[in-house]
Amino acid sequence: MNEQHRDAFETRTRALFQDSVDNLDFAMRSRLTQARHAAIEAAGRRAWYLRWTVWTPAAGVTAAAVLGVALWVGLPLGQHGTLADGQSNFEDLELVASSEGSGDTMEMLQDDIDFYDFADKVASPDPAA
Amino acid sequence: MSTPIDTLNTAWMVWDSLAPALKGAVLEYTRELEKFLAEIERRAFRMAQVALRDSDDALDVVQDAMIKLTRNYASRPSAEWRPLFYRILENGIRDLQRRRTVRKRIMTWLPGPKEDPDNEAQDPLENVADAGPAIPEKLMQAEAMQRLEEGLRALPARQREAFMLRNFEGMDVAETARAMACSQGSVKTHYSRAVHALREQLGEVW
């Protein structure tokens, strides 16, 4: 087969195919358009990094971290992480943050309020007495 | 020294300036992707239809390819979309053909009515002669296309793929090689064999 025949054959087949593409019926074109829209919608779902459901918690965590760092940096030098008596305030933070047994502790505090009152009086006796 | 409020304000301003730009970029590529799919979808559908002989299956395969492209490769440069799309499409066509082969084998062992081997069961209304005036040129074109489709179906899958991508889709050798995941030399060989085989099947007159 010479090149000229081959080119003519290729041109004819291409034209026939294009003709069949151009003559697709309306129903099929419509279904293809729907398929395309579904695919684009799927791509939209894929762009997860733009969704507020992802960004809101992330932004919350970031804001908390920024605030924490800002407060930390904002304290005067030499006072980071310590109290006046030299005790680390991280220990207090840990106690506050820990949820374990917090209910029991509150109950105990309420029950023994009389005891604490008594202990306070013993520790600092009334000078008038 | 900056106060915590200043730090928060700065962080907020940075986010405020980045978010619209990010959103705009995504919208831009989504629009570009949609344009690409709109350009390609009908040819892709016809190619799948030629290979599968079934419009519904062809539509399913094209839609799957679109979804896979948008989900997995949308962030790639747009120049890569076409070969990627056709690779996904061809994989889908091959998977479906394999499933059909397996189903056909199973069906031959099962009792009861057999599945139509070529899935060519036709609506009887399709065989009713058209009462309207026949247009000879259109009829000849339709017949020629039908013969071409039959010829393409008779080709080995790789030859058919090379012929359709090079000739129907107008891809160059390098792009076709990327779509077929093979060397450019293989593309040339497959294509040349496909043209020879089709010419022989369809005859010199066609």
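Me: What is a nonpolar core, and which residues of the largest one touch the most other members?

Reply: A nonpolar core is a set of buried Ala, Val, Leu, Ile, Met, Phe, Trp, Tyr and Cys residues joined through C-beta atoms within 7 Å. This model is predicted. Its largest nonpolar core has 46 residues. B:Ala48, B:Val61, B:Val62, B:Ala65, B:Met66 and B:Leu89 touch the most other members.

Me: Which element gives the largest share of this core?

Reply: Helix 1 of chain B, with 10 residues. Other elements that give two or more include helix 2 of chain A and helix 7 of chain B. Domain 1 (1–119) and domain 2 (137–206) of chain B each supply at least three residues.

Me: Leaving aside neighbours within four places in sequence, what is B:Val62 in contact with?

Reply: In chain B, the partners are Glu41, Ala44, Phe45, Ala48 and Leu89. From chain A comes A:Ala35.

Me: Why does B:Lys188 count as partly exposed?

Reply: Buried takes 20 or more other C-beta atoms within 10 Å; exposed takes 12 or fewer. B:Lys188 has 15, so this residue is partly exposed. B:Lys188 lies in helix 7 of chain B. B:Gln159 is 29 residues away in sequence and 9.8 Å away in space, C-alpha to C-alpha.

Note on methods: Residues numbered from 1 in each chain as written. Chains lettered and ligands numbered in written order. Predicted model: local features only at pLDDT ≥ 70, side-chain atom pairs only at ≥ 80, totals over all residues. Helix = DSSP H or I, 4+ residues; strand = E, 2+ residues; numbered from the N terminus. Domains from an automatic or database assignment. Contact = placed C-beta atoms within 7 Å.
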